[in-house]
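Hi there,

Here is the structure I promised to pass on to you.

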Amino acid sequence: MELTRLMLRLYFGEAMLGPGKARLLEEIAREGSISAAGRAMGMSYKRAWSLVEVMNANFRAPLVESSRGGAKGGGASLTPEGEAVLAAYRRLEEKTRAAGAEEIKLIGDMIAP
């Protein structure tokens, strides 16, 4: 049986942060590029860029900063706000997983083999 996964999605009115956007932020931090982050997730550059634009618009300060290509090439990185949002989201996931461990086990034990 597949391991149990907890997927946390936060809604703030129209703004949303969930596992996909969190992973995109992680991949941008790791790859240093929106296009490379999108490729790592199996999504198009256009989709990755669209998600970044939505996140940047939904927060008081941008979560991702990018620079255009050129002689040294372009790139992208998380802003301090982006790093803080990602870290807080991952901490919240862990707290939720820990606080709900008993209930998650109970439900899991009821799943048919």
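**What I found**

Met110 sits in the segment that comes after α5 (101–109); helices here are DSSP runs of H or I with at least four residues, strands are runs of E with at least two, and both are numbered from the N terminus. Before I go on, please note that this is a predicted model, in which local features need pLDDT of at least 70 and side-chain atom pairs count only at pLDDT 80 or more, while totals for chains, interfaces and linings use all residues. Residues are numbered from 1 along each chain as its sequence is written, and side-chain values use heavy atoms, with hydrogens and water left out.

**The surface patch**

Met110 counts as exposed because its relative accessibility is 66%. The cut-offs are under 20% relative accessible area for buried and over 50% for exposed, with partly exposed in between (1.4 Å probe, protein chains only). Together with Leu106, Ile107 and Ile111, Met110 forms a nonpolar patch on the surface, and the four have about 450 Å² of accessible area together. Areas come from the Shrake-Rupley method with a 1.4 Å probe, and for residues only the protein chains shown count as cover. Patch members have over 30% relative accessible area and no salt bridge; nonpolar side chains (Val, Leu, Ile, Met, Phe, Trp, Tyr) are joined within 5 Å, and like charges within 9 Å.

**The core**

Which residues have the most contacts inside the largest nonpolar core? They are Leu24, Leu25, Ile28, Ile34, Val52 and Val64, in a core of 20 residues. Two or more residues of this core come from each of α1 (19–31), α2 (34–40), α3, β4 (75–78) and α4 (80–99). By core I mean a set of buried Ala, Val, Leu, Ile, Met, Phe, Trp, Tyr and Cys residues joined through side-chain atoms within 4.5 Å.

Leu25 touches Met55, Leu63, Val64, Leu78 and Leu86, leaving aside residues up to four places away in sequence. Contact here means heavy atoms within 4.5 Å. Ala48, found in helix α3, counts as buried at 0% relative accessibility. With the same exclusion of residues up to four places away in sequence, Ala48 touches Leu24, Ile34, Gly38 and Met43. Ala48 and Ala76 are 28 residues apart in sequence, and their C-alpha atoms are 12 Å apart in space.

Gly20 lies in helix α1 and is partly exposed, at a relative accessible area of 37%.

**The aromatic pair**

There is one aromatic pair in the structure. Tyr45 and Trp49 are stacked, at 6.4 Å centre to centre and 15° between the planes. Rings of Phe, Tyr and Trp (its six-membered ring) pair if their centres lie within 6.5 Å; planes under 30 degrees apart count as stacked, over 60 as edge-to-face and the rest as tilted. About one helical turn separates Tyr45 and Trp49, because they are four residues apart in helix α3 (residues 45–58). Tyr45 is partly exposed with a relative accessible area of 46%, and Trp49 is partly exposed with 27%.

**Salt bridges**

How many salt bridges does the structure hold? There are seven, each defined as a side-chain nitrogen of Lys or Arg within 4 Å of a carboxyl oxygen of Asp or Glu.

One of them joins Arg90 and Glu26, at 2.8 Å from N to O. Arg90 lies in helix α4 and Glu26 in helix α1, so this pair ties together parts that are 64 residues apart in sequence. Arg90 is partly exposed at 26%, and Glu26 counts as partly exposed at 32%.

Arg90 also meets Glu93 in a salt bridge, at 2.7 Å from N to O. Glu93 and Arg90 are three residues apart in helix α4, so about one helical turn separates them. Glu93 is buried, with a relative accessible area of 8%.

Salt bridges with shared partners also join Arg23, Glu27, Arg30 and Glu31 into one network. Within it, Glu27 bridges to Arg23, with the closest N and O atoms 3.6 Å apart. Both lie in helix α1, four residues apart, about one turn of the helix. Glu27 counts as buried at 10% relative accessibility, whereas Arg23 is partly exposed at 34%.

Best wishes
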